[in-house]
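Q: Please take a close look at one part of this model, its nonpolar core and what surrounds it. Keep it brisk.

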Amino acid sequence: AATNGNADALTVLGEMYELGEGVEQSFAEAAILYRKAAKQRHAVAPYKLGLMYEHGYGFAADIKMAMRWYYQAASHFNEDAQKRLDELRK
């Protein structure tokens with residue numbers, strides 16, 4: 001399903017790469033897959049990208065970029081992303 005561009009499948013596969021579950025861990029691959037899913041307005045994928053940027057998983061920590069991805073996820077009703085935005089705005 002991920003090869004066909006299914007956003008849910010892309011996100012799950014991204015999580016597998018991020019955590020190294022069943023595949024060799026690759027933050028770069030995870031980010032690519034999350035971005036593809038985020039382009040389809042998936043609510044979890046941009047949240048996951050936000051976490052990666054906030055905590056510096058795969059690239060330098062960047063709070064502004066994290067907030068950008070959290071905002072996108074929150075605009076699709078991701079409550080966890082909204083909570084992170086609220087915390088970072090304090």
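A: **The core and its surroundings**

In this predicted model, the largest nonpolar core has 21 residues, and Tyr34, Tyr47, Tyr70 and Ala81 touch the most other members. In soluble globular proteins, nonpolar side chains tend to be buried together.

Start with Ala81. Leaving aside neighbours within four places in sequence, Ala81 is in contact with Tyr47, Tyr70, Ala73 and Ala74. Two of these partners, Tyr47 and Tyr70, are themselves among the residues that touch the most other core members.

Now take α3. Of its 11 residues, 10 are buried, so α3 is largely enclosed by the rest of the structure. The buried residues are Ala45, Pro46, Tyr47, Lys48, Leu49, Gly50, Leu51, Met52, Tyr53 and Glu54. Note that Lys48 and Glu54 are on that list. The cover over the buried residues of α3 includes α1, α2, α4 and α5. After α3 comes Gly56, with a positive phi near 75°.

Next, the pairing of α4 with α5. Their axes come within 8 Å and cross at roughly 140°. The crossing is left-handed. On the α4 side, the contact is made by Ile63, Met67, Tyr70, Tyr71, Ala73 and Ala74. On the α5 side, it is made by Ala81, Gln82, Arg84, Leu85, Leu88 and Arg89. By class, this contact has nine nonpolar, one polar and two charged residues.

The loops come next. Ala43 lies in the loop between α2 and α3. Not counting residues up to four places away in sequence, Ala43 touches Ala73, His76 and Asn78. Ala43 and Ser75 are 32 residues apart in sequence, yet their C-alpha atoms are 8.1 Å apart in space. Ala73 also contacts Ala81.

Arg41 is in the loop between α2 and α3 as well. Its phi is positive, near 65°, in a residue other than glycine. Arg41 has a relative accessible area of 64%; the cut-off for exposed is over 50%, so Arg41 is exposed.

Phe77 sits in the loop between α4 and α5. Phe77 is another residue other than glycine with a positive phi, here near 70°. At 78% relative accessibility, Phe77 counts as exposed.

Technical notes: Residues numbered from 1 in each chain as written. Predicted model: local features only at pLDDT ≥ 70, side-chain atom pairs only at ≥ 80, totals over all residues. Heavy atoms only, no water. Core = buried A, V, L, I, M, F, W, Y, C linked by side-chain atoms within 4.5 Å. Buried < 20%, exposed > 50% of the residue type's maximum accessible area, 1.4 Å probe, protein only. Contact = heavy atoms within 4.5 Å. Helix = DSSP H or I, 4+ residues; strand = E, 2+ residues; numbered from the N terminus. Axes fitted to C-alpha atoms, helices over the stretch in contact; angles between N-to-C directions. Left-handed = near helix turned anticlockwise from the far one by under 90°. Nonpolar A, V, L, I, M, F, W, Y, C, P; charged D, E, K, R; others polar.
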